[in-house]
Amino acid sequence: MTADAPLFTPDGRYLVVRGRLWRAANPRLEPAERERLVHALMVARREVRAAGRAGDAARLARARRAVEAAKTALGERGPPWWDDGARDWNRFMVHNTPYAQWYAGLGATVAAGGPPH
C-alpha cells in the first residue's frame, strides 16, 4: 500500500476515505463496461459542475440523475453487488462497522484519517 494507492477493505467491497466506507464498484463488471460507465460518470460530474456554475436548475437536476445512474450501474449505489446477504455499510464510519478491528490494525496514521487515503 502506497501513499497514493486507494485503501480497500480486505473483501474489496469498500474504499476507505478519511475513515468512511464508500462502496466500491462491482469487480465483476467487464473491463470495457466499467470503462464506459466511469467515462459516463466523469461526463455527468463535469455537467453537474457546469450546470451549477450556470445556475440552471433543470440542467443540474438532469446531470445529477446521470451521476446517480452511472454510480448505480457501477454498483456504487443501489442494491449491493454482492449476493451473500451481508449488510451494506456504505457511508458508515469504519470504526462503527465490522471492519473496525481491521482498520485499527493498520496503524495510527491510517486510523486517524491520514495517508494513504
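View 1. Elsewhere, salt bridges with shared partners join Asp 11, Arg 13 and Asp 84 into one network. The model is predicted: local features need pLDDT of at least 70 and side-chain atom pairs pLDDT 80 or more, while totals for chains, interfaces and linings use all residues. Residues are numbered from 1 along each chain as its sequence is written, and side-chain values use heavy atoms, leaving out hydrogens and water.

**View 2. Glu 47 meets Arg 59 in a salt bridge.** The N to O distance here is 2.4 Å. This pair links distant parts of the chain, 12 residues apart: Glu 47 sits in helix H1 (residues 31-54) and Arg 59 in helix H2 (residues 57-74). Helices (H or I, at least four residues) and strands (E, at least two) are DSSP runs, numbered from the N terminus. Glu 47 is partly exposed at 28%, and Arg 59 is partly exposed at 24%.

**View 3. Three strands form an open, antiparallel sheet.** The order is E1-E2-E3, where two strands pair if DSSP finds at least two bridges between them. E1 (7-8) and E3 (20-23) each have a single partner strand, so one side of each lacks a neighbour in the sheet. Four bridges join E2 (residues 14-17) to E3, and Leu 15 stands opposite Trp 22 in E3.

Notes: A salt bridge is a side-chain nitrogen of Lys or Arg within 4 Å of a carboxyl oxygen of Asp or Glu. Buried means under 20% relative accessible area, exposed over 50%, partly exposed in between (1.4 Å probe, protein chains only).
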